[in-house]
Every structure is written in structure tokens, then in C-alpha cells.
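Here are a few notes from going through this one. Have the structure open while you read.

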Amino acid sequence: MKKITAIISALLACSLIFVLAACGNGSSKELSTKEITVGVTGGPHQQVMEQVVKLAKKDGLKIKLKVFNDYNQPNIALNDKDLDANSYQTLPFLKDQIKNKNYKITDVFKTVAFPMGIYSKKIKSLDELKDGDKIAVPNDPANELRALQLFEKAGVIKLKKGSGITSTKRDVVSNPKNLKIVELDAAQLPAQLGEVAASAINTNFAMGAGLTVLKDSIYHEPLENNPYPNYFVVRTDNKNDKVVKQLKKYYQSKEVKAYIKKQFGGSVVPAW
């Protein structure tokens, strides 16, 4: 009987050790205040973060940047702990990714906004659109809604009331000029600009094609209080970490704001 009791006690002890070990492995430790890795997309997000890197270095915080060329990998890497944070996305895009992929990540502070513009090689005003003309929009969920809303605000079309992030051209309920709405990959829109009467183009892709919101667009989102700010994002377990507060201070500093205004001429604006 004593032997059986001893075996049971040993098994219980082993079980307890296993549970404690499992719990320990599942926890997320606080991010370092000495060195972190941040993911960004190439272009303005990278350029702005490079200014943040300089400010942080003065206080002894080393920020390693990892540059990505697509919108999906930075969130995968962050969720998988290959990054400590990322800086490149709007809130609708982030929420869509969290919902569909069950990522344990969250926004912590606003960074910059890229006012979306409508561009054309054929007309100088949206009033010049003719019956049956083609207009182009990005075909990914977050940006298609944004583009359609921009055409709506310009008075060109009208969307179904309450249209959400999954809205497409099928949610257009009023189209007085019978415009043909062409859905294209966001990166292809600048190259296809000559094939349509007008196109809503994300600013990062417009800049890559030498287009600027203030000089070249025929209609654009507001520069101040832009409805689509980008966010700095971390794993949910790290949202209250000390280094996150430090990064917010550097990013939302007067030095970074001055750099943004001087460098991008309105195509990228501070969102805080």
C-alpha cells in the first residue's frame, strides 16, 4: 500500500512540474529596453523608423529594422516572435488580419497617415468623367473600401449604408454615370493608370511611381485628421511594456514630426 501511495505521489509531483513548465513556456516576457527588432515595409515607414532609431540610440536603445516588401509577412513574423514590433499598417487592415488569422497582436500608438489620392492621365477633375468610363480601385479588402469611400466622398458613386471592410464594387448602390469599376492589385494601379479614366492609388505605390498627393492627384483624403492612420503594433502581452512607452516618445517627437513634414511634402503626414 505504501508503495502504491509513493508511486501516486511521484506521478502527481511530475504532473505538477509539467504544468508549471508548460505555463512558464506559454508566458511572454517583457521586451528588452536595450535592444528590439521592428519590422517595417520598405519606403516611408522604413525612412521614418530610421529617424526613430537615431533618437533611441542616444538613450542606449538599439533598434534593429527588418524590412519587408509585402503586407502579410510583418504580422506573421510578429505573431511568431521573430519580431518585437512592427510599423506599417492601418487599423482596418490589422483588425481584419487578427479576425481571420487569430493573431495575438494589438495596436499601441498612431504613427503616420498616407492620404489616398485619385489620379488621372486623362482628366483634371472628376466632374469630367463620362458615361461608361472606367475607374480603378485596389482589390484587397481594407483598401478597396477606402478607395470606394473616397470616390463616394467626391460624389461619384454611393455605397450601401453600413458598408464594412469586406465591401466591394458590388456594394455600390448609386452610379449615375454607369462607371465601370475595375479592381486591380494595389501595386499595379500606377502602371495601369493610362488604361482608366481615374484611379484611387495608395500613396506608397503612387510615390513609387513619382506621383505626389498634393501635386498630382485630382482628389485626395484630408491631410489633417486623416481617417486611416497607421499604427505601431506589438504582441498583446507586451502592450504595456516600458520600451513601448519609450518608442512612442521617440516616434511622436517634434524631431520626427519635422522630418516627416520636410521629407514627404504632404504625401505622408503625422497622425498624432
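1. Start with Asn 178: its relative accessibility is 48%, so it counts as partly exposed, since the exposed class begins over 50%. Keep in mind that this is a predicted model. Asn 178 sits in the loop that links strand 8 (172-174) to strand 9 (180-184). Its phi is near 50°, a positive value in a residue that isn't glycine.

2. Asn 102 is another one to look at. Phi there is near 60°, again positive in a residue other than glycine. You'll find Asn 102 in the loop between helix 4 (91-101) and strand 4 (105-113). With 52% relative accessibility, Asn 102 counts as exposed.

3. Now helix 8, residues 242-251. Which of its residues are buried? They are Val 243, Val 244, Gln 246, Leu 247, Tyr 250 and Tyr 251. These cover an arc of only 160° around the axis, which puts them on the same side of helix 8. An α-helix has 3.6 residues a turn, so residues three or four places apart point the same way. The other side of helix 8 has Lys 242, Lys 245 and Lys 249, which are exposed.

4. For the overall picture, the chain has 9 helices and 13 strands. Of its 272 residues, 44% count as buried. Among contacts with a separation of 6 or more, 76% are between residues 24 or more positions apart.

5. Last, the surface. The chain's accessible surface is about 14700 Å², and carbon and sulfur atoms account for 52% of that.

Notes. Residues are numbered from 1 along each chain as its sequence is written. This is a predicted model: local features need pLDDT of at least 70, side-chain atom pairs count only at pLDDT 80 or more; totals for chains, interfaces and linings use all residues. Side-chain values use heavy atoms; hydrogens and water are left out. Helices (H or I, at least four residues) and strands (E, at least two) are DSSP runs, numbered from the N terminus. Buried means under 20% relative accessible area, exposed over 50%, partly exposed in between (1.4 Å probe, protein chains only). Contact means heavy atoms within 4.5 Å. Accessible areas come from the Shrake-Rupley method with a 1.4 Å probe; for residues, only the protein chains shown count as cover. The arc is that of the directions from the helix axis to the C-beta atoms.
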